[in-house]
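Subject: Structure handover and findings

Hello,

Here is the structure you asked about. My notes follow directly below it.

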Amino acid sequence: MPFANFKVPAGSLDEKQKELIVTRTTELYAEIYGERARANTMVLVEEVTDGGWGIGGSVLTLAMLQQPSEE
């Protein structure tokens, strides 16, 4: 059974965006494995509590992720 697990900041996606992730991921697996995979593809969109993750030794928050990137 194909399985994909997306971890996203809590509150960063609305229901339509989550549905889009599920739909497109399922389409991708069906494209790769064939139509037989569609009915068994599981996609999990997990919302991680704000401040519940980090990168490079620093805790990230939704506010930090939403800041424009400096170029």
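Glutamate 15 and lysine 18 both sit in helix 1, three residues apart, which is about one turn of the helix. The model is a predicted one, and in it the two side chains meet in a salt bridge, 3.5 Å from N to O. In an α-helix there are 3.6 residues a turn, so residues three or four places apart point the same way. Glutamate 15 is exposed, at 60% relative accessibility. Lysine 18 is buried, with a relative accessible area of 15%.

Which other residue does lysine 18 bridge to? It forms a salt bridge with glutamate 47, and the closest N and O atoms are 3.3 Å apart. Lysine 18 belongs to helix 1 and glutamate 47 to strand 2, so this pair ties together parts that are 29 residues apart in sequence. Glutamate 47 counts as partly exposed, at 39% relative accessibility.

How many salt bridges does the whole structure hold? A search finds five. One of them pairs lysine 7 with glutamate 46. Their closest N and O atoms are 2.7 Å apart. Lysine 7 is in strand 1 and glutamate 46 in strand 2, so the pair ties together parts 39 residues apart in sequence. Both partners are partly exposed: lysine 7 at 48% relative accessibility, glutamate 46 at 28%. As background, side chains of opposite charge can pair when their charged atoms come close.

Now helix 1 as a whole. It covers residues 15-33, 19 residues in total. At 1.5 Å a residue it should span 27 Å; the end C-alpha atoms are 27 Å apart, which agrees. Its buried residues are Lys18, Thr25, Thr26, Tyr29 and Ala30. What do they pack against? Strand 1 (3-9) and strand 2 (42-48). The face turned away from the buried side carries the exposed residues Lys16, Arg24 and Glu31.

Both ends of helix 1 have something to check in the viewer. At the start, a side-chain oxygen of aspartate 14 comes to within 3.1 Å of the backbone nitrogen of lysine 16. After the helix comes glycine 34, with a positive phi near 100°.

Threonine 26 is another residue of helix 1. Is threonine 26 buried or exposed? At 13% relative accessibility it counts as buried, because the cut-off for buried is under 20%. Leaving aside neighbours within four places in sequence, threonine 26 is in contact with Arg38, Thr41 and Val43.

Next, the aromatics. The structure holds one aromatic pair. It is formed by tyrosine 29 and tyrosine 33, and it is stacked: 5.9 Å centre to centre, with 25° between the planes. These two tyrosines both lie in helix 1, four residues apart, again about one turn of the helix. Tyrosine 29 is among the buried residues of the helix. Tyrosine 33 is partly exposed, with a relative accessible area of 42%.

Where is glycine 51? It is in the loop between strand 2 and strand 3 (53-55). Glycine 51 is partly exposed, at 31% relative accessibility. Apart from neighbours within four places in sequence, glycine 51 is in contact with Val59, Leu60 and Thr61. Its C-alpha atom is separated by 9.8 Å from that of methionine 64, 13 residues apart along the chain.

Proline 68 lies in the segment after helix 2 (62-66). Proline 68 is exposed, at 73% relative accessibility. From proline 68 to alanine 30 is 38 residues in sequence and 35 Å in space, C-alpha to C-alpha.

Helix 1 packs its buried residues against strand 1 and strand 2. The aromatic pair, tyrosine 29 with tyrosine 33, is stacked.

Best wishes

Notes
Residues are numbered from 1 along each chain as its sequence is written. This is a predicted model: local features need pLDDT of at least 70, side-chain atom pairs count only at pLDDT 80 or more; totals for chains, interfaces and linings use all residues. Side-chain values use heavy atoms; hydrogens and water are left out. The expected span of a helix is 1.5 Å times one less than its number of residues. Buried means under 20% relative accessible area, exposed over 50%, partly exposed in between (1.4 Å probe, protein chains only). Contact means heavy atoms within 4.5 Å. A polar contact is a pair of N or O atoms within 3.5 Å; within protein, one must be able to donate a hydrogen and the other to accept it, and residues adjacent in sequence count only if both atoms are side-chain atoms. Rings of Phe, Tyr and Trp (its six-membered ring) pair if their centres lie within 6.5 Å; planes under 30 degrees apart count as stacked, over 60 as edge-to-face and the rest as tilted. A salt bridge is a side-chain nitrogen of Lys or Arg within 4 Å of a carboxyl oxygen of Asp or Glu.
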